[in-house]
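Work through the two exercises below with the sequence and the model side by side, and try each task before you read its solution.

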Amino acid sequence: PFQRVGLEFVVESNGRMLLGDGTGLGKTWQSVAYAEYMRYENPRFQTICAIKAANIANWRREIKNLTGIEAPVECYTSKPDGISVAQVVISRSPYVIISYDTLGARYKGEEVQDLNGDIETNLYPWAQIFQTSKPDLIILDEAHQIKNYGTHRWKGIRDLVSTPHILSLSASFILNRVPEFWTNLHLNDPESWKSFDKFKDTYT
């Protein structure tokens, strides 16, 4: 029953929230249930599942068990391949699984300035593909994996902050220091949690 209540809360939050249930209490179930709830209304609703590489098989199995979908698209290579790109952008596969490290794979581009005034020269090809496909939902499993503001894992995800629905799942958003919380807060509400430096100065 508590999972049903959790799903209701996700719906009330318009699918943009941090889900901090303890380990083994059904965060995966609730997030996929929300995706299916939205896909019922919109068959082209697309969900990106960003996860640890070691958990890809688990997520594939859970998606199959919960939705009946046999083979969600799995993005393995740091350089996007044509078949996967076509499945994501043209066929608009309902579920796409990618590891944090693959999403954070990058190449050098022109200098740009990020929201905190830092100069960035890296481009993240999978993030660019997803910006083209315009997914409806991003699920971040074990979202503490992006806790470090300066990592490529975070920067690959950061480029997708405009996605309409973002669910961050973790039983432990803060592992060591309060500033680790900022990345997930920013993703879910970038206007309220705009500056990392301001957050760090205020809460530490």
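Two strands pair if DSSP finds at least two bridges between them, and strands here are DSSP runs of E with at least two residues, while helices are runs of H or I with at least four, both numbered from the N terminus. The model is predicted, so that local features need pLDDT of at least 70 and side-chain atom pairs count only at pLDDT 80 or more, whereas totals for chains, interfaces and linings use all residues. Residues are numbered from 1 along each chain as its sequence is written, and side-chain values use heavy atoms, with hydrogens and water left out.

**Exercise 1.** Find which strands β2 is joined to by bridges, and decide whether its faces are covered or open.

*Solution.* Begin with β4 (residues 95-99), which runs parallel to β2 (residues 47-51) and is joined to it by five bridges; here C49 stands opposite I97. Next take β7 (residues 137-140), also parallel to β2, with four bridges, where T47 has L137 as its bridge partner. Finally, turn to the faces: T47, C49 and I51 on one side, and I48 and A50 on the other, are all buried (under 20% relative accessible area, with exposed over 50% and partly exposed in between, for a 1.4 Å probe and protein chains only).

**Exercise 2.** Describe which helix gives the most to the lining of the largest pocket.

*Solution.* Start with the helices α2 (27-41) and α3 (56-67), each of which supplies at least two lining residues. Then compare the contributions: α3 gives the most, with four residues.
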